[in-house]
Amino acid sequence: MAAIFRGMRRAAFAFLACLCAAPALAQSLPPAEVSPLTVMPRGERPKVTATYPAAGQAVAPGVLVLKVTFDQKMLETGFDFAPAAGGEMPQCLKTPRLLDDGKTFVLLCRTLGAKSYALAFNAKPAGGFASLADTRAQPAGLAFTTTDGDPVTDLQDALKAASLRDVDVPVQDTPAFRHSGGS
């Protein structure tokens, strides 16, 4: 029986020695590589700093690239465009594209001549535009008009009017779309 206790005591001592040595051993090992993770502290609520068209601006009817820029980098998946009082909602695609600056969304729309348009951003009580820290953007609005002049009929002209580059097109070709044969 004494031999059993001596064996158990040795095993317990060896176990305790391993526990005591573990921190020193862990410090001597090189750090393990993990996937990158960015932790953003919650801060100020993002706000709209610029739009195209600008508030109150009169633009040509037709193809319009609506541009909304925030003061912070934003999540690509959150957005909220809604009709607002004082005008119609332009006919737009469902989903905007976040440009490479991480702050600017573009949305392809169509407008008619001699009309008033009004949109609300983040009008719903939850969801919508949010920063990388998942802080919801302040609600904002945009009202503009269209002239009764010649319509913009070309995407390149609409990009130029919004001071955008060719790479800033408001629609994005995805690998899934290409592999499905484009339908």
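Author: Two strands pair if DSSP finds at least two bridges between them. Strands (E, at least two residues) and helices (H or I, at least four) are DSSP runs, numbered from the N terminus.
Reader: And the ground rules?
Author: This is a predicted model, where local features need pLDDT of at least 70, side-chain atom pairs count only at pLDDT 80 or more, and totals for chains, interfaces and linings use all residues. Residues are numbered from 1 along each chain as its sequence is written, and side-chain values use heavy atoms, leaving out hydrogens and water.
Reader: How many bridges join S3 to S7?
Author: Eight, with S3 and S7 (residues 104-111) running antiparallel. Gly 62 has Thr 111 as its bridge partner in S7.
Reader: How many join S1 to S3?
Author: Four, also antiparallel. Ala 50 is partnered with Thr 69 in S3.
Reader: Is S3 mostly covered or uncovered?
Author: Mostly covered: eight of the nine residues in S3 (62-70) are buried, meaning under 20% relative accessible area with a 1.4 Å probe, protein chains only.
Reader: Different topic. What is the strand order in the open sheet?
Author: S2-S9-S8-S4, with mixed pairing. S2 (58-59) and S4 (81-83) each have a single partner strand, so one side of each lacks a neighbour in the sheet.
Reader: Which residues touch the most other members of the largest nonpolar core?
Author: Phe 81 and Phe 129, in a core of 27 residues. Such a core is a set of buried Ala, Val, Leu, Ile, Met, Phe, Trp, Tyr and Cys residues joined through side-chain atoms within 4.5 Å.
Reader: Which strand gives the most to this core?
Author: S3, with five residues.

Definitions and conventions
Buried < 20%, exposed > 50% of the residue type's maximum accessible area, 1.4 Å probe, protein only.
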